[in-house]
Amino acid sequence: MAVTTPQQATGQVAIRASREPRNVFVRMYRQWADYAYIFPALFAMFFVIAYPIAYTIYLSFYSTPTAGDNVWNGLTNYTSIITAERFWMITQNTMYWTIVSTILAFIIGTGAALIAQREFIGRGLVRGIFLIPWVISHVATAYIWVWIFHSDYGLVSGMLMDLGIISSPLVILDSTTWAMPALILVNVWKDFPFIMIMMLAGLQTVPDHLIRAAKMDGASTWQQFRHVTLPHLKGVIIITLLLTIVMNLNHFTLPWIMTGGGPASTTHIWITEVYALAFRSLRFGIASAFSVVLFIIMMSMAYFYVKAMTAGDDRRR
Amino acid sequence: MAEVRLDSVIKYYDNVLAVDDVSLTMKDGDFVALLGPSGCGKTTTLNLIAGLIEISDGEIWIGDRDVTDLDPKDRDIAMVFQNYALYPTKTVYGNLAFPLQMRKASKDQIDERVRRTAEMLSISHLLERRPRELSGGQQQRVALGRALVRDPRVFLMDEPLSNLDAKLRVQMRAELKRFHQDLNATMIYVTHDQLEAMTMADNIAVMSDGRVQQYGPPEEIFYDPANLFVAGFIGSPAMNFLYGEVVVEGGVTSVKGDEGWEYPLTPENAQKASHATNGRIIIGARPANFILSREEAPGLIPGSIYTVEPTGDSTFVHITIGEQIFVAITDPFFRADPDDPIWIDLEDERIHVFDEGTEEVLRVDGLNSQSQHGRRTLQPA
Amino acid sequence: MAEELNKLNLPLGYRMNRRSVLRAAGLATAGIAGASLLAACETDDDEPDVGAAETDDDEDEEDVEEPEEDEEEEEEEPDDDAEDMTVDVSQWSPEYIQEIAGTMDFDTAEFCSNIVPLDYEGSVTFSYIGPTEASPQVTWDYDEEFWEAWNETYPGIPLSVGEGVQSHTYGDMLDQIRTAAFGNAAPNVARLPILWGVEFAARDMLEEINLADFGFSEDDFWPGALQSCMWEGKLYGIPTNNETMALIYNKQLFEDAGLDPEDPPATWDEVVEYSRIISEETGAHGFGMVARVNHGNTPFRFMPTLWAYGGSALDEAEDDPQYQESLLRSDGAKAALQAYHDMYVRDQSVPTGALTNDNTANTDLFIGGQLGMYIGHPAEYASMVDRAEQATGEEAELAQEVVDNIGYTLIPEGPARRAVVFGGSNIHIFKEEYSDHELDWDAARAIIAFQCAPEWSTKLAWAGSNPGHLQGFRTHWMEQRLEEIDFLEVASAMLPFGIPFPVIPEATEIMNITIPEMLQNVLTEQMSVDDAAEQAADEIEDIVAGRSGY
């Protein structure tokens with residue numbers, strides 16, 4: 001702001017005012033048509049998103065006996081959750097489930113994408129095969145894998161026994177040690193095609209001339225991937241990881257159907273626990289508080305994650 | 001620095017023949033332009049030299065090494081791409097350093113080379129920026145710098161100036177030429193712009209249909225085209241072609257045009273025409289070699305004015321002969337009205353005689369030393 | 001989905017299941033067709049889901065509650081004159097059931113005319129769980145016949161599915177009724193699986209019921225059934241049907257194990273023993289244990305054992321339950337847990353998959369000849385017979401052989417008692433303020449009296465349950481039923497031993513979560529029997545006292 005004559009200043013203000021009135025209502029009035037167009041969507045969103053969230057937060061401060069009215073109990077729901085050993089056990093399960101599933105699915109999905117991207121005979125077939133787990137519904141997947149892993153008549157145990165490798169069936173889903181790894185395996189099997197597709201889409205946008213430039217510059221295949229492909233895929237990777245993490249954090253079907261959270265709660269994760277609290281135990285107050293805690297955890301994770309991944313990008317703009 | 005030699009190089013894309021038996025020797029320190037219209041195989045040839053695509057048959061030598069089966073990184077060559085292909089996530093410094101890092105140079109060495117190169121290209125102040133923050137010309141310099149920085153034996157350039165605006169192109173053209181002279185490196189330069197080729201190259205290989213039509217210094221390409229294609233491709237406005245039959249009447253050889261005119265040939269040209277395989281020839285005459293006359297005279301070709309375009313330092317005259325339109329360049333003050341009759345004489349020592357059947361140039365002794373059909377390695381004449 | 005896959009594949013034990021898996025996988029991988037079929041299955045139980053996933057295991061019960069019908073009857077009202085048609089519960093036995101069947105004629109229209117005149121004109125809305133694709137034809141036929149008979153009897157109160165009548169599926173009904181009630185759009189009258197009503201009673205959404213207004217008396221129903229309609233000492237519903245389970249066993253396996261196939265285990269201690277013997281001698285599993293969490297099958301299988309040994313979740317097995325103190329700390333409860341521990345951990349005589357199995361898995365193992373005995377429902381028995389008929393080739397032979405060798409008997413007793421979970425359905429009236437339809441008391445009384453009287457109480461319970469009205473057992477329809485359906489008299493004979501789950505809204509949580517988790521803690525040896533029982537007892541007492549935090 002150098003020296004400005006009063007006239008100039010006035011002029012600027014006048015211009016700004018005419019373009020963008022400070023009062024939001026004036027702006028809305030002037031652009032009423034824009035707001036009218038988005039109103040139906042906003043209206044619907046209010047009822048299906050804003051209202052439920054608000055109501056969940058409201059309920060989280062109440063105890064909600066089946067008989068009788070809701071009773072305000074302040075932060076009691078929250079303190080009882082945070083201080084419960086069970087909450088931390090389930091949090092640990094959830095982290096284990098989410099992190100291992102995401103990392104494995106990401107590695108395998110990316111590898112599959114790199115394979116599926118290459119030109120070779122039968123590529124279409126291979127791509128098709130990779131996609132199979134993805135097109136099977138989660139519920140069907142869960143039941144199929146229960147059969148495969150079943151401790152008494154499972155496919156895996158049966159085949160290994162037929163081959164004489166083991167003499168009694170493997171205990172997988174009924175084992176406190178192996179149930180979670182088995183669920184993760186199924187989850188990875190189910191999810192890697194999604195990551196493959198995302199990465200494949202990304203890979204196809206990697207400019208060919210950059211790869212050629214890197215070849216000329218003496219980069220090995222790995223170095224080409226590391227210096228050209230990977231940086232180019234950064235956006236896709238962030239989105240894919242974020243989606244996968246959220247998907248896994250909210251994954252309900254596999255644990256619920258395959259183990260119901262057992263044995264001894266070793267496969268209970270946040271979302272199954274919240275569901276059980278709300279719709280099995282009808283403890284809506286506690287379940288709401290639990291949801292709010294999860295909401296806060298997930299939002300802050302997403303915030304820091306996105307921030308970390310996009311650090312340094314600002315300068316470029 | 002090294003010589004680059006292509007020996008009977010063939011490249012098929014599936015069943016399409018993209019490079020058809022190309023043999024070329026680019027001398028050490030030469031600036032060679034591969035010139036031709038789109039799809040002529042020049043970029044494919046360059047990529048074959050780079051090793052970016054696989055050769056179908058033939059050999060490529062760089063210096064005394066057979067690099068036919070080597071990876072690009074082992075050929076000790078650098079390439080500048082048409083769209084620069086700068087790494088968008090790296091800074092200018094990172095882009096310049098990359099080829100050195102890939103070759104495991106020491107940090108100090110890298111720093112020293114990068115800064116020296118940047119200085120040479122006057123981009124030292126841009127080192128911390130990223131490609132998207134640079135102008136087109138600056139990106140071009142960085143791309144060049146990335147090729148220069150590791151001092152390769154051969155530079156390959158794939159239409160490096162085509163993304164620049166006209167003014168910048170002229171400037172960069174001069175700079176490139178100067179770099180070549182300073183570095184004295186072997187450069188192979190692909191372009192479809194004959195002006196670039198003519199101004200910068202020591203030797204030009206004119207390509208069409210996957211073949212080298214002619215290989216030689218710019219003057220030779222211009223003044224002594226080996227065939228109808230080269231003659232027509234080089235020069236602006238393009239060379240005029242007059243089709244006719246060779247007639248000998250009373251010891252005088254002349255050519256009888258399809259439009260009815262008759263033009264007597266000098267003995268030398270008559271000699272050339274005598275080699276025509278089916279008695280028909282094409283006379284090639286550049287617009288500047290047309291001499292216009294408003295008076296009818298024997299031995300002149302009659303035509304009529306189609307239109308006149310003054311350009312300032314000369315005038316383009318479009319002339320209708322029969323059904324065809326030809327272009328002549330004449331003095332700046334020539335004026336005429338459409339449909340005015342006009343008579344044309346040719347500068348006989350500057351015209352070219354082509355065999356209508358083979359479209360090859362006809363020489364006095366009947367041989368075309370530059371025939372592209374020969375299986376010999378082409379050396380610039 | 002489970003249902004679909006089962007139907008698709010008819011798993012018969014281990015070998016067959018492997019093939020089935022391959023078949024299912026093949027189908028899925030066959031691509032769109034398979035995928036979309038499976039996807040279609042999924043949508044069904046996806047959401048309400050959770051419930052559905054388990055609920056659907058077709059057969060049996062589900063959540064704590066249990067849909068179906070019931071049992072006995074008693075005498076008939078001495079309304080008219082007639083002789084004493086009372087049913088003597090103290091004489092209850094398979095023989096007694098056979099003896100009294102067909103000893104009474106009953107005229108529903110005449111009975112109803114004493115309550116609401118047949119020419120009464122009015123209207124009422126009604127919700128129930130109607131027949132589904134999985135229901136046997138006979139269920140469909142009786143359902144259709146019921147509405148025809150109703151419209152003939154009360155032409156002034158026309159009702160049919162879609163017009164005043166809403167037919168729900170088991171998986172969806174609770175959520176739908178709950179939502180409707182909260183939105184003041186509940187039906188006037190709803191027939192709900194036992195114990196679902198208590199939640200609405202606790203919320204003061206139901207009308208109190210006086211049996212005499214409907215032409216009934218307390219003697220017409222099992223005391224346990226009426227108890228399941230009570231909240232804070234008042235009656236809020238009328239039993240429509242009641243049911244229990246029995247012990248199903250494989251005679252061939254008993255014989256192979258050197259046991260007398262005609263002498264099934266009479267006590268739970270014997271079950272533990274026989275289970276071990278069968279498993280040691282034949283390699284098959286002895287007893288079909290179910291210990292999955294969040295699953296209705298589990299309490300239905302475990303509570304009979306717990307009660308038999310003298311334990312209970314609260315005090316539901318006692319004479320005058322107060323539902324405040326947990327008897328899981330009792331020696332009996334610990335003995336029951338120890339029995340389960342002995343079978344699963346010590347003897348390994350039960351399916352290892354018990355922690356994840358629902359009862360469908362036991363049915364599969366049983367029909368595959370891989371399971372010695374388990375607690376089964378008449379509907380499970382029926383489904384095994386169906387599957388044996390539908391199976392092909394080698395599997396069919398095996399299945400038929402098993403079906404031919406099915407034995408059934410009373411659920412064993414323990415040191416304290418013989419016990420079984422008392423299931424069924426009750427009919428309720430929603431208060432007008434929670435309904436979007438004016439409450440026409442006479443119309444509501446008419447439909448309830450018509451449905452709960454012996455005739456329809458029997459016919460609507462035909463395939464898998466028993467009439468809620470005890471005099472249903474005296475009708476000739478019951479006689480016909482006993483001829484048509486094996487196993488029925490044994491399951492019916494268990495009715496006097498039926499104990500309802502605690503009639504409190506928290507029962508679902510206690511039965512589907514706390515009890516199974518206690519079991520899993522013991523079976524995975526995460527906790528000792530004592531610790532697991534004590535912890536569960538504390539939790540349950542906290543839950544009912546409303547002081548449970550998280």
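1. Basis. This is a predicted model, in which local features need pLDDT of at least 70 and side-chain atom pairs count only at pLDDT 80 or more, while totals for chains, interfaces and linings use all residues. Residues are numbered from 1 along each chain as its sequence is written, chains are lettered from A and ligands numbered from 1 in the order in which they are written, and side-chain values use heavy atoms, with hydrogens and water left out.

2. Area between the domains. Domain 1 and domain 2 of chain A bury about 1,500 Å² between them, with 79% given by carbon and sulfur atoms. Buried area is the accessible area (1.4 Å probe) that two parts lose on being put together, summed over both. On the side of domain 1 of chain A, the most area is lost by A:Arg283, A:Met298 and A:Tyr305, together 34% of what that side buries.

3. Polar links between the domains. Between domain 1 and domain 2 of chain A there are zero salt bridges, a salt bridge being a side-chain nitrogen of Lys or Arg within 4 Å of a carboxyl oxygen of Asp or Glu. One residue pair, both at pLDDT 80 or more, is in polar contact between these domains. A polar contact is a pair of N or O atoms within 3.5 Å; within protein, one must be able to donate a hydrogen and the other to accept it, and residues adjacent in sequence count only if both atoms are side-chain atoms.

4. Chains A and B. Here 16 residues of chain A are in contact with 25 residues of chain B. The area buried between chain A and chain B is about 2,000 Å², 58% of it on carbon and sulfur atoms. One salt bridge is found across this interface: A:Asp217 pairs with B:Arg146 (3.5 Å, N to O). Six residue pairs are in polar contact between chain A and chain B, both residues at pLDDT 80 or more.

5. Cysteines. The structure holds zero disulfides over all chains, a disulfide being a pair of cysteine sulfur atoms within 2.5 Å. For C:Cys112, the closest cysteine sulfur is that of C:Cys452, 10.0 Å away and too far for a bond. C:Cys229 is in no disulfide either, its nearest cysteine sulfur, in C:Cys452, being 9.3 Å away. C:Cys112 counts as buried because its relative accessibility is 1%, and C:Cys229 is also buried, at 3%; buried means under 20% relative accessible area, exposed over 50%, partly exposed in between (1.4 Å probe, protein chains only).

Methods: Contact means heavy atoms within 4.5 Å.
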